[in-house]
Amino acid sequence: TLSSSSAASDVYKRQVTFRDVSHVPAESRGDTLTVHADEPIVTHICTAWKVCGALRCRLGCITLGAEGEQAVLVAHERGQSWTSAVPPLALAAVQARVGASTEERAASEQRVAYAAFGTDDRYYVRWESGLHDWIADEACSAQIKARPVATVTFGAEWASHLILFKDGAVTYAQVPPACARALRERASPADARLRDAALGPAGEWWLAYADGTCAWGGVGAQLDAALRAHDTAGGEVTCVRFGVGGTWVLRASERSDAVRALLRAAP
């Protein structure tokens, strides 16, 4: 645990970074996970981190709620867990496949591979089996049905979304103008192809490319500083996810000597 900081709003956020600890599986050491959220979210993710260490498995997707109360869903190789504030329709879809009780979840063979929450009860959940469930606008739903999906992320408005397909194609609608410009400017070459993306409920956006570079906008000061620090130090940001009220999760690969030195020097 590194530090705590106050967000720009009156809501207190705790910012915690997990890194290079002995209980983490060997393949994850040298990577970092930074959480900027209210205490229940931090506690839930911290618990999942420790469970993964005890079970010797990798922490999978982390999905933050996009409206209402603070919500988080965390998945790993042995199962998934969530807070009570997870959007009802998304929760019903998950429970229908894995069960509602802790015992049912532990026994279920279904595992969440990827999940995204949006405003207006939108969600997308893909299972390791390849099955997927979602609620989205008509255009987004049609695209999801059209070809295998890698990433779906929802923006502030009902029709705002971005979909990255497994074949590398990208489609989007009503994303922030700066995000749309970045997507157009980086449509080629192939080594700069989009690798991951995230939209947020307050106009936030983040794009990650296959060449290791990122672009972002609409984010708060804390996340902007964290992204710039990783960029300066040579670390690769592998995942960013946005939540309600300025919450976020950032994952990064910190395998270079320069980044390791920077982390060792952190207060």
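**Before you click**

This is a predicted model, so local features need pLDDT of at least 70 and side-chain atom pairs count only at pLDDT 80 or more, while totals for chains, interfaces and linings use all residues. Residues are numbered from 1 along each chain as its sequence is written, and side-chain values use heavy atoms, with hydrogens and water left out.

**Stop 1: the whole chain**

Start with the cartoon view. How many helices and strands are in the chain? There are seven helices and 16 strands. Helices (H or I, at least four residues) and strands (E, at least two) are DSSP runs, numbered from the N terminus.

Accessible areas come from the Shrake-Rupley method with a 1.4 Å probe, and for residues only the protein chains shown count as cover.

Of the 267 residues in the chain, 50% are buried. Buried means under 20% relative accessible area, exposed means over 50%, and partly exposed is in between (1.4 Å probe, protein chains only).

Contacts tell you how the chain comes together: among those with a separation of 6 or more, 47% are between residues 24 or more positions apart. A contact means heavy atoms within 4.5 Å.

**Stop 2: a buried threonine**

Select Thr 34, which you'll find in strand E2 (residues 31-37). Is Thr 34 buried or exposed? Its relative accessible area is 8%, so Thr 34 is buried. Next, show what surrounds it. Setting aside neighbours within four places in sequence, Thr 34 touches Gln 15, Val 16 and Thr 17, as well as Trp 248, Val 249 and Leu 250.

**Stop 3: a negative patch**

Head back to the surface and select Glu 67, Asp 120, Asp 121 and Glu 157. These four gather in a patch of negative charge. Patches are made of residues with over 30% relative accessible area and no salt bridge; like charges are joined within 9 Å, and nonpolar side chains (Val, Leu, Ile, Met, Phe, Trp, Tyr) within 5 Å. Lys and Arg count as positive and Asp and Glu as negative, while His and the chain ends are not counted. The place of a charge is taken as NZ of Lys, CZ of Arg, CG of Asp or CD of Glu.

Zoom in on Asp 120, in the loop between strand E6 (112-117) and strand E7 (123-127). Asp 121 lies in the loop between E6 and E7 too. Asp 120 is partly exposed, at 41% relative accessibility, and Asp 121 is partly exposed with 34%.

Take a look at the backbone here. Most residues other than glycine have a negative phi. Asp 120, though not a glycine, has a positive phi of about 60 degrees, and the phi of Asp 121 is near 65 degrees, also positive.

**Stop 4: salt bridges**

Side chains of opposite charge can pair when their charged atoms come close. A salt bridge is a side-chain nitrogen of Lys or Arg within 4 Å of a carboxyl oxygen of Asp or Glu.

- Asp 167 and Arg 147: their closest N and O atoms are 3.0 Å apart. This pair links parts of the chain 20 residues apart, with Asp 167 in the loop between strand E10 (161-165) and strand E11 (170-173), and Arg 147 in the loop between helix H4 (138-146) and strand E9 (149-154). Asp 167 is partly exposed at 47%, and Arg 147 is partly exposed at 35%.
- Arg 186 and Asp 211: the closest N and O atoms are 3.0 Å apart. Arg 186 sits in the loop between helix H5 (177-185) and strand E12 (194-199), and Asp 211 in the loop between strand E13 (205-209) and strand E14 (214-217), so the pair ties together parts 25 residues apart in sequence.
- Glu 236 and Arg 195: their side chains meet at 3.8 Å, N to O. Glu 236 lies in strand E15 (residues 236-242) and Arg 195 in strand E12, so parts 41 residues apart in sequence are tied together.

**Stop 5: a glycine in a loop**

Finish with Gly 220, in the loop between E14 and helix H6 (221-233). Gly 220 is partly exposed, at 43% relative accessibility.
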